[in-house]
Amino acid sequence: MENGAAKPVIVAIDGPSGTGKSSTSKAVAAQLGLSYLDTGAQYRAITWWMVNNGIDTDDPSAVAAVTGKPEIVSGTDPKSPTITVDGVDVAGPIREQDVTSRVSAVSAVPEVRTRITELQRTIASAAVTGIVVEGRDIGTTVLPGADLKIFLTASPEARAARRSGELKGADLNTTREALIRRDAADSGRKTSPLAKAGDAVEVDTTELTLQQVVECVVTLVEEKRAGK
Ligand SMILES: Nc1ncnc2c1ncn2[C@@H]1O[C@H](COP(=O)(O)OP(=O)(O)O)[C@@H](O)[C@H]1O
Ligand SMILES: Nc1ccn([C@@H]2O[C@H](COP(=O)(O)OP(=O)(O)O)[C@@H](O)[C@H]2O)c(=O)n1
């Protein structure tokens, strides 16, 4: 590139809930001076809008009909990522139970996926130094040409324990069941299911600390940049 500027690096991190995608992606992006995009937050944001506007989230045609209405804006600084819907900060409300229980149904609607995927590609192509994008279908569908693809896994027990730790007072078994149900819905849908790309590096985080996972991914990015 001109002026010796490095080519932007695109990192795709996929995997089921509680495997450490968000924490790993933010830390890797911050450490390497890259942007960061939480695509799950975008699906949660559109779901929040549907719930707030009385749309029946179990009716795919009702969801499809209004998919273009909300304006979703993601701030991509890994040190303070933001998400707004029609100018309203929804970072808190999108983590609430009513959104979590409906997001898989909304995100399975093809019109929703087309719209959010376009948004994701626009954000990724604008990242000057590069970006870490985390989700379910980034390596397979959104950015199949990513420089590095990571697929994080962890046992359901470890993932449920991590999530229960966040949701104060939540019962471990209930959290585990809800998490397994959401994984099944996300993996089983027709359009862009949760899946490992053929060329993704799989990292099982069950026995690793967050710091170890971050170091592993940073090393892989640096190796890619060095052309190894
Ligand atoms: N390797 C790890 N070991 C222990 N806890 C972890 C690890 N990775 C992430 N966590 C914790 O687990 C929870 C879920 O992590 P998160 O990054 O939100 O996962 P995801 O984005 O895949 O759902 C967070 O509280 C996070 O601090
Ligand atoms: N690229 C993506 C990211 C999330 N999603 C959907 O959005 C939901 C919420 O994603 P998330 O990353 O916030 O979920 P957690 O793993 O943080 O609980 C997932 O369960 C999927 O239904 C998706 O379909 N595709």
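I looked up S22 and found that, apart from its neighbours within four places in sequence, S22 is in contact with D38 and E134, where contact requires C-beta atoms, placed from the backbone, to lie within 7 Å. This is a predicted model, in which local features need pLDDT of at least 70, side-chain atom pairs count only at pLDDT 80 or more, and totals for chains, interfaces and linings use all residues. Residues are numbered from 1 along each chain as its sequence is written, while chains are lettered from A and ligands numbered from 1 in the order in which they are written.

I placed S22 in helix 1 (helices are DSSP runs of H or I, at least four residues, and strands are runs of E, at least two, numbered from the N terminus). S22 counts as partly exposed because 16 other C-beta atoms lie within 10 Å; the cut-offs are 20 or more for buried, 12 or fewer for exposed, and partly exposed in between.

I then turned to S17, which sits in the loop between strand 1 (9-14) and helix 1 (21-32). S17 is buried, because it has 22 C-beta neighbours inside 10 Å, and, not counting residues up to four places away in sequence, S17 touches R159, L179, R182 and D183.

Last, I checked ligand 2, which 16 residues surround, S17 and G40 being among the closest (C-beta atom within 6 Å of the molecule). Helix 2 gives the most to this shell, with five residues.

Note on methods. Two residues are in contact if their C-beta atoms, placed from the backbone, lie within 7 Å.
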